[in-house]
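Me: I have a structure open and want a quick walk through it. Can we start with the sheet and then look at the pockets?

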Amino acid sequence: MTLIQSMQDFDSVYQLMEQSFPPNERRTYEEQKALLNNSRYNISIVPGSKKHSLNAFLAYWTLGDLIFIEHFAVNPLCRNTGLGSALLQDMIRQQTHRICLEVELPENDLAKRRIRFYERNGFFLNQYPYVQPSISKGRSPIPLLIMTSGQPVSEKIFQEIKSTLYEYVYGVTEQDKKRLFYLDLTY
C-alpha cells in the first residue's frame, strides 16, 4: 500500500468510492478532494497493473491515539482474492493505536457479511447506539455501528471515540450533537 500520489490516483479512488458507497456515505468530489489538505486524513492505495488503475484503497484519519477507517474498498475485479483481508491485517500490524470503523446495522445479508469480514480480520462489533452525522450538505444522518480492533470497548471509551469522530471527521456543532443524541435514542 502506498499513499495517494497524484490527482489521477484521487480520481481513481473517487470513482471506486462512488461504485462502493451510496451517496449518504460519501462526500462530494470537491469535498473529498479538499480533505487531501487535512494532515489528519490519508488515502492509501493498491495500484492496479495498468496506469492509473486501482485495485483497492483505504481512506483513514489519524486522530491522536485513534485511527478511523472512513472508507475502504476493493475493486470488484479483485474481490474474493484475499486483498481486503491483507490490507486490513497490514494496517493492524503497522498501528499501535486502536483502529475503528463504521458498519451498517446487520439488517440484511450484505451488512451481516461485511460485519463477519471485519470480525475475521480482528475487529469487534460494539452494540452502542451510534448515528453517523450527515457527511455532506444535503445528505442524511445514518444509524450505524462502530467496530474496533483488538477488543470491544467500554461505553465510556465508545463515547470518547464517538466524540472524536463527531468533532474531527464530521465537524459536528453543539446544536448538531443534541439532534444526533435524539437520533441515537430513536434507533
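**Sheet, helices, pockets**

Me: Which residue in β7 does Val-131 stand opposite?

Reply: Val-131 stands opposite Pro-143. This is a predicted model: local features need pLDDT of at least 70, side-chain atom pairs need 80 or more, and totals for chains, interfaces and linings use all residues. Residues are numbered from 1 along each chain as its sequence is written, and side-chain values use heavy atoms, without hydrogens and water.

Me: How many bridges join β6 to β7?

Reply: 7 bridges, with β7 covering residues 142-149. The two strands run antiparallel. Strands pair if DSSP finds at least two bridges between them. Strands (E, at least two residues) and helices (H or I, at least four) are DSSP runs numbered from the N terminus.

Me: What is the strand order in the whole sheet?

Reply: β1-β2-β3-β4-β5-β7-β6. The sheet is open, has 7 strands and shows mixed pairing. β1 (2-3) and β6 (123-132) are the edge strands, each with a single partner, so one side of each has no neighbour in the sheet.

Me: OK, helices. Which strands does α1 lie across?

Reply: Helix α1 (residues 7-20) lies across β2 (41-47), β3 (54-63) and β4 (66-74). It runs at about 95 degrees to β3. Angles go from 0 to 180 degrees between N-to-C directions, on axes fitted to C-alpha atoms, for helices over the stretch in contact. Contact means heavy atoms within 4.5 Å.

Me: And what angle does α5 make with β6?

Reply: About 55 degrees. Helix α5 (residues 155-169) lies across β3, β4, β5 (98-104), β6 and β7.

Me: Where does the largest share of the second largest pocket's lining come from?

Reply: From α5, with 4 residues. The lining includes Leu-63, Arg-98 and Ile-157. That second largest pocket holds about 160 Å³.

Note on methods
1 Å grid on protein atoms, 1.4 Å probe; cavity = no way out; pocket = protein on both sides within 12 Å on 5 of 7 lines; lining within 4 Å. Points joined across faces, edges and corners; volume = space filled by probe spheres on them.
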